[in-house]
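Please look through the model below.

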Amino acid sequence: MAEASKHQRISAPGWRRDAFSGWGRLARAEMLAARPERASELAGILTSAGSEGIIVHAGGRSYGDSALNAGGRAILTRRLDRLLAFDPASGLLVAEAGVRFEDLRRVLLPRGFLAPVTPGTAYATLGGAIAHDVHGKNQDRAGNFGTHVEWLDLMLPSGELRRLTPADPLFRATVGGLGLTGVILALALRLMPVPSRFVAVRERRVGDLDEFLGALEVERSRAAYSVGWIDAQAQGRALGRGIVEAADPVAAKAGESYAEARGRRLPVDLPGFVLNPLSIAAFNALYWRRVPKEGRERRLAYDRFLYPLDAIADWNRLYGRHGFHQFQALLPEPGAIRVLLEACAASRAASFLAVLKTMGQQGTGLLSFGGRGHTLALDFPAGPGIDGLLGRLERLVLDHGGQVYLAKDSRLSAAGFAAMYPRLPEFREILAEIDPEGRMRSDLAVRLAIRRAA
Amino acid sequence: MADPPLWLVLGASSSVARAFTRLVAAEGGEVILAGRDLADLEASAADARLRGAAAEVRPFDAGDPASHALFVAALPARPLNILLAFGLMHPQAAIDSSPELAEQVIRVNYQGAVSILARLEPLLEAAGQGAVVVLSSVAGDRGRPSNFVYGSAKAGLNTYLQGLRARLARHGVSVTTVKAGFMDTAMSYGLPGMFLVASPEAAAQVCLLAARRKRNVLYFPFFWWLIMAIIKAIPEGVFKRLRL
């Protein structure tokens, strides 16, 4: 009874205190959260926040602390998830920000339309995709998500609602703006017509880094999608070996039917020792041999190609309850890739899922992740020595003129961030203007000192 | 399909009603979304259309029984199914300090429901088919000090539905009382003491299935049947000393 009355005191009606974590499960926060079901409730919720601050927590698929606000408030937008309008002639979709890529796939892919840019999970929301200006396996050509947004409705920290178009400076602050400019309510997104629900995927084995980069170079100029899985533990002559995958839309085949994949769950956390450097090395070696030497071609449904990890719900439990670090960086010079891979191989840390792909476009946002070069994504089970390795990787990225992706980060330093994101001063100016009291707040914003002029 | 495909959803902004609308839409059905927040309902109607339903929005205020006759008169002359999903719950503590809130709770949950169902009854009888599903609550099974105004309104509604069910059964219309336990809705969000909370999507599925199977009374989630059987079995002399 004492427990219940205590609870009642701290959570006014409509607010609930809960524990949240980033997808990597390392960053954690207790927040007082509201979960509006109607847009009309938002202004009241937003303006109720004082100095403890408030941030939107939507799909919960950012790896680090961008949607966490320890000790403060949060707005859960998952129930603002309606499709509002779609014009098949232009491909323009209007939707509430809590709609997930999964909803688009289920409702609009059967009609021949797909999000032009999608992250590696379909459970991210469209609002989150704007806030992190996400990219996919077609960044080289299609750029980031924000490039395809025609307008968005933003509720400013003051509670004022504004429709923003790309010409508006506040639009460029909101795209990639990590939720710090307010709450995104709705957006207009131009979808891409596709000939079928399938892609033709070509896979080939590459034996070392030079061969890897050569294969990516070929694919970037001819394939709609390209991505490479890299064995981040191979050393010496095998450094940079992996599998390069490229895919193009294909016409429908007569009689080809599509069945929804059966969802699988991971019901418990795997014990932390399951993914250790030895088991990961063994897995990586096996995985590399999965594709025959001469390569192979197959047809895959879009979801299986775009969202392979979604086949196992809660795949983040693979890493045990202590969670894992993600690290993704853009490297403008190919030489930097070898340096980073050598740093990983030299440390005892093992990366289970490592991805190398090309990027070709700048994002539209002031803090967008993007540019021309390669992007390397690594993940490391939490453990001793990882912090040191991530610090070394940050310095290497800085030395080579690169950039760390904030949607996956939980470790970057404020100084490193400021050096990697040269348009930060413009972003700060806009924040100072629209949110002088600092109502929007996230643990990431505090860690990276996004508000404070250095 | 035996079911007429048109569903009138009363209180269509609630999360269970929204999930229910999506289920009907996925089957290519037709919905009339009725409620007070028209802007919100228009968004739900647009969503339903994109998912395959024919959808329209009508203003409806459960707490204003004087408006109900006109609302019913304007309905299309076609066989209907009905989901009654509106409800109002004020915390008992709030009612204790302002008793006029008790009247609101009774007006919406009991008077409003009876008023609209009584006016829909002739349509259902004339159609000679259809299903009525009413979202009620386990709170109606026994009056607890922590929630007895709401509980008594739902108890009244449950009793009304027993009579309505018997009468409409002769005309081939089913009436299902869904006694809901804890559901993860805006009404319950942030309340203390919630456990084993069910999703609105699961509730919507149970409502649709119950209509198909012409169920009479069911508990949702099902284990509330057992919980309420125990709570109802406690002798009043003991019950009044419990802090429930």
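Helices (H or I, at least four residues) and strands (E, at least two) are DSSP runs, numbered from the N terminus. This is a predicted model, in which local features need pLDDT of at least 70, side-chain atom pairs count only at pLDDT 80 or more, and totals for chains, interfaces and linings use all residues. Residues are numbered from 1 along each chain as its sequence is written, and chains are lettered from A and ligands numbered from 1 in the order in which they are written.

Q: Is A:D133 buried or exposed?
A: A:D133 sits in the loop between α4 (126–131) and α5 (139–142) of chain A. Its phi is positive, about 40°, although A:D133 is not a glycine. A residue is buried if 20 or more other C-beta atoms lie within 10 Å of its own, exposed if 12 or fewer, and partly exposed in between, with C-beta atoms placed from the backbone. A:D133 has 29 C-beta neighbours inside 10 Å, so it counts as buried.

Q: Which residue is the bridge partner of A:F20 in β2(A)?
A: β1(A) and strand β2 (residues 28–34) of chain A run antiparallel and are joined by 7 bridges. In β2(A), the bridge partner of A:F20 is A:A29.

Q: Which residue in β20(A) stands opposite A:Q328?
A: Strand β20 (residues 373–381) of chain A is mostly covered, with 9 of its 9 residues buried. Strand β19 (residues 355–359) of chain A pairs with β20(A) in the antiparallel sense over 5 bridges, and there A:T358 stands opposite A:H374. Strand β18 (residues 324–331) of chain A also pairs with β20(A) in the antiparallel sense, over 8 bridges. In β20(A), the residue opposite A:Q328 is A:A377.

Q: Which element supplies the largest share of the side of domain 1 of chain A that touches domain 2 of chain A?
A: Domain bounds come from an automatic or database domain assignment, which for chain A gives domain 1 (2–76), domain 2 (83–194) and domain 3 (198–250 + 267–413). Two residues are in contact if their C-beta atoms, placed from the backbone, lie within 7 Å; the contact takes 14 residues from domain 1 of chain A and 16 residues from domain 2 of chain A. On the domain 1 side, α2 (42–47) and β3 of chain A each supply at least two residues. The largest share, 4 residues, comes from α2(A).

Q: How many residues of the side of chain B that touches chain A come from helix α2 of chain B?
A: The contact between the chains takes 19 residues from chain A and 17 residues from chain B. On the chain B side, the largest share comes from helix α2 (residues 38–50) of chain B, and the number is 6 residues.

Q: What percentage of the residues in chain B is buried?
A: Chain B has 9 helices and 7 strands. Its C-alpha trace spans about 50 × 40 × 35 Å along its principal axes. Of the 244 residues in chain B, the buried share is 43%.

Q: How far apart in space are B:K179 and B:W224, C-alpha to C-alpha?
A: B:K179 lies in strand β6 (residues 174–180) of chain B and counts as buried, with 21 C-beta neighbours inside 10 Å. Not counting residues up to four places away in sequence, B:K179 touches several residues, among them B:D141, B:Y219 and B:W224. B:K179 and B:W224 are 45 residues apart in sequence, and their C-alpha separation is 8.4 Å.

Key. Two strands pair if DSSP finds at least two bridges between them.
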